[in-house]
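Please read them with the coordinates open.

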Amino acid sequence: MAEKYDHSSIEARWQSVWENKKAFSTSGDRKEKYYVLEMFPYPSGKIHMGHVRNYSIGDVVARFLMMRGRNVLHPMGWDSFGLPAENAAIQHNIHPAKWTYENIENMKRQLKRMGFSYDWDREVATCKPEYYRWNQWLFLKLLEKGLAYKKRSSVNWCPGCATVLANEQVEEGRCWRCDSTVEIKDLEQWFLKITAYAEELLDHTYKMPGWPERVLIMQRNWIGKSVGAEVNFKVDGSDDAIKIFTTRPDTLYGVTFMSLAVGHPVIPAITAPERREEVERFTAKARAESKARGVEEIVKEGVFTGAYCVNPLTGGKVPVYVANFVLMEYGTGAVMAVPAHDQRDFEFARAYKLPVRVVINPPGKTLDPVEMEEAYVDEGIMANSGPFDGLQNTAAMDAIIDLLEETGAGKRSINYKLRDWGISRQRYWGCPIPVIYCDKCGTVPAPYEELPVILPENVKLTGKGLSPLAGAEDFVTVDCPRCGGKARRETDTMDTFVDSSWYFLRYVSPKEDRLPFKKDEAAYWMPVDQYIGGIEHAVLHLLYARFFTKALRDLGLHGSDEPFKNLLTQGMVCKEILKCPEHGYLYPEEVKDNKCVFCGKAVEAGAVEKMSKSKKNVVDPDKIIERYGADTTRMFSLFAAPPEKDLDWSEEGVEGSYRFLGRVWRLVTENLDALMGTQAYDASSDGALEGALKDLHQQTHRTIKKVTQDIEERFHFNTAISSIMELVNTLYQLQSGSDLKTDIGRKAFREAVEAVVLLLSPFAPHISEELWERLGNAAPVYETPWPYLREDALAREEVTLIIQINGKVRSKVTVPVDAPEEAVREAVMKDDKTNEWIKGKEIKKFVYVPNKIVNMVVA
C-alpha cells in the first residue's frame, strides 16, 4: 500500500531540523550578497492571510537565491510599539508589554510553522530598550544637526486615540487607525525636518527603476514641488502683509480678492470688529466640515473679513475673505484669487458677486468677463497687464517676477506640499523622547551615556487627555544634566513610524552595542535588494524610511542614498462576503441554505472584498495549515495570482494545491525502486537520448529555465508553478511505460524528478526536503545548488504548432524548427482534423507565426 502524504509530521520534522541546525543563519562570507526583506508586522496576536502571502513571496526569493549561491540576509522582527497594545491594556487591564510579548511569541510560532527561512538570530523588537535606545541616540544626533526641533503648531488631534496625527495619517478627515473625525489643536510638538530633503527625495524618484511607478507618482505628488513666486500683499491701513505663493505670476494683474485658510494667523489681526463674530462662526464650521469630509468634498464657501489688501503691481485694493477650500498646510495658507483664469475662483466670484478681470485672452479673441461661463485656463496673450500687454503669457512670467524683485514686492520661489514630520505622540506605549526641560537651562538633551531613557512600567492608562507619562512622577522629575537643578522630562513619546524608519539598518548588526549598526556591515548589506509590502505604505513608512536613510548617511553612519533597491507591493487577499439585510455581515457557519440562521432571510453573496474581521470574511491560517499543511498554504497564495495582483480566496484552489503536492509525493514514493538504483542523466557521459526520453530531457531543462527566469526576473510565481505542474504531468505519462525498464530511461526519469523536487523547494520547502532525502541525497535541499541548466538541451529539432481556424483551436501539427511557410502550409493541408474544418470552404487568410501558431480564416 502506497505511503500517504502526511504533511503534519513532515513539516514538523523539517522545521525542527532547520531550527536545530540554524539552517538560515546568515553567513559571514563576503560573497555576492542579497538582502531580501518583508515589512515587519505589528504583533497584533495572529498572522492573517495577507501576512502569509507577503512572507511567502519573500521566502521564495530568499530560498531561490541561497540555492543560487548568494549570501542571503532574510531577517524578521516586530514593529511592537503602538496604540493597539495601549488600547488592549485599557480594555483588558493588562500591561501593554505583557500583551505585546505574548503576541510576539504566538506570531513567531505561526511564522515558524509556515517554514519561512528567517535568520531568527537577527530578530528585533522595537519596544525593547536595546532597540529604542538607538531611536533616542539618532534623535539626539538629528537635534544636533538642526533636523529635530520643537514648535507650537496646529496639529491633527484624534479624539479616539487621544493623540496627534501626522498629515499622512489623516485620511479624508479621519484617523487612519480608528476612523474618528480628526480635530485641530494647538500644541507644542517635536518635528523632524524632512523638508530639508524634499528636493533629493523628489529627484531620486526619477532614479529608482526597481520601484513601481504608481508608488513613485504618489510620493512625487505628496512632496508636491511647485515653481513660482512669493508675493507680498500689504493689508490696507495696517503694517501686516499677506504672503502668497503662486505658480501663475502672469495672472497677478487679474487678482480681484484674497482667500485665506481658516487657520491663517493674520485673521484675528485684520478682521473688522463688526465682522469678527461672523468670521469666528464661519471658521469653526469650516474646520469641522473640512476634517469630517475632506476639502475636496465640501461646498466652496467664504466670509468677508472686512479687510482689504493691496495688489503690489496695480496698487488696487482687493477684499480679503476666509475660505473653506484653502489649505493652511500648502503654500502660505493664502491664495490670490484670479476668477477669470481659475475655475474654483470663478465659481466663488460668481457666488459672492465679486469682479472678474481678464488678463489673458485666447489668440485672436477678446474675452468679455460679464459673458464668461467658465474660467479661461489655457495659454494666450496678456491684456490689462500694464507693460506686459501683448506678450505671450508664458513669456511674461519671468519678466513679472523680475519686476516683483526689483520693487521688493516678491521673489522667485520653490514651494513644496511636503511639511515637516510631527513626531510627538501623547501616548504611553512608545519610545520616550530624550529631552529634559529646566527652568534655568531651557531645553536640554538627555546625555548619551544615560540612554536609553527607559519607559516606566508603573503608569496609569486611561486613554484620555494628554500623555500618560505626565502622571509618572518618578519618571518626570529629574536633575538637569547641565546645572544639576530640578528639571522634568519630556512626556510625549515618538511616532511609531520613527521605529520603522531605520529597522532595516539594525538588522545588519542587531547585537551592536556601541552604535545603531556597524558601518562596515551596512556598507556590505545595504541597500535592501528586495523590499516587499503593501501599497498603503507609499507615503508613510516608505517616505519616512527614505528620509531617515539620507539623514543617517549625512551623519556619516553609512553610505547608501536609498534604503530599498527594488520594491514589490503585493496585492490584497480577498474573499466573498456574506450579508444578511437584518444582521449584517455573517460568517459562513452562520449561513445555511443561503439563508441567515438567525432570521431566515436570504443572504446576499457574490461580492469579493479584502479580508476583514469587521466583514467576517477572514480565513485563519492556523486552520488551513492544520488541514492542508504549510506547503499547501504557501503554494495557493503564490499560484492563485501574480504577486502584485489581488488574490481571491478559494477553498477549491487550496484543495487543488493540496492535490498537486499529493501527486508529487506519489510520483516520487511510488517510483523509488526505479529511482534509487541509478543517478540522474548526464549528457556528457550517458550517451544520446531518443524519442520520449529526449523530449523529457528537453522539457526538464525548459522547465528549469522557465522557473529560474520567472523567479529571478519577473516574480511570476504562478507561471513558474504551472510549468512544474506540466513537467509532473509528463512524468506521470511516462512512469508506466517501457522506458523506465532501461538504465538510460531511469536516469532521464531521475533527472526530471530531481528537477521537480528542487524547483518546487522555494514554494513548498517541507515536502521537497523530505522527498530529496528519500531520493538518497546526503545534503539537504537548503545546501544543494539550484538545478543546472544545459542550454544545449533546449535546442529542438521539431516544434508543435497550434492551428486556429476562425479564431478557435482546431488542431496541432508537428514541423521542423524554423520551417519555411511553404513547408508549414503543406503540413497543415495534410492534417486530417484541419481538412474536416476547411472542407468545401475558401481560405481567405493564412498567417504563420514561426514556431508558434497558424491562424486561418475560411468562409
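1. Helices (H or I, at least four residues) and strands (E, at least two) are DSSP runs, numbered from the N terminus. The chain has 26 helices and 36 strands. The model is predicted: local features need pLDDT of at least 70, side-chain atom pairs count only at pLDDT 80 or more, and totals for chains, interfaces and linings use all residues. Residues are numbered from 1 along each chain as its sequence is written, and side-chain values use heavy atoms, with hydrogens and water left out.

2. Two asparagines have positive phi. N93, in the loop between α3 (83–92) and α4 (96–113), has phi near 55°. N594, in the loop between β29 (591–592) and β30 (595–596), has phi near 60°. Buried means under 20% relative accessible area, exposed over 50%, and partly exposed in between (1.4 Å probe, protein chains only). N93 is exposed, at 75%, and N594 is exposed as well, at 61%.

3. One joins L451 and P452, with omega about 0°; P452 sits in the loop between β20 (442–445) and α12 (473–476). The other runs from M526 to P527, with omega near 0°, and P527 belongs to the loop between α15 (519–525) and β24 (528–533).

4. Helix α7 spans residues 213–223, and its buried residues are V215, L216, Q219, R220 and I223. They lie on the same side of α7 because they cover an arc of only 135° around the axis, the arc being that of the directions from the helix axis to the C-beta atoms. Their cover includes α6 (198–204), β8 (225–235), β16 (410–416), α16 (541–554) and β25 (564–569). After α7 comes G224, with a positive phi near 60°.

5. S424 is in strand β18 (residues 424–425). S424 counts as buried because its relative accessibility is 0%. Contact means heavy atoms within 4.5 Å; leaving out residues up to four places away in sequence, S424 touches V164, Q189, W190, I433, D492 and T493. The side chain of S424 also reaches the backbone nitrogen of W190 at 2.7 Å.

6. For the whole chain, 54% of the 859 residues count as buried. Among contacts with a separation of 6 or more, 72% are between residues 24 or more positions apart. The C-alpha atoms fill a box of roughly 105 × 80 × 65 Å along the principal axes.

Key
Polar contact = N/O pair within 3.5 Å; in protein donor to acceptor, adjacent residues only side chain to side chain.
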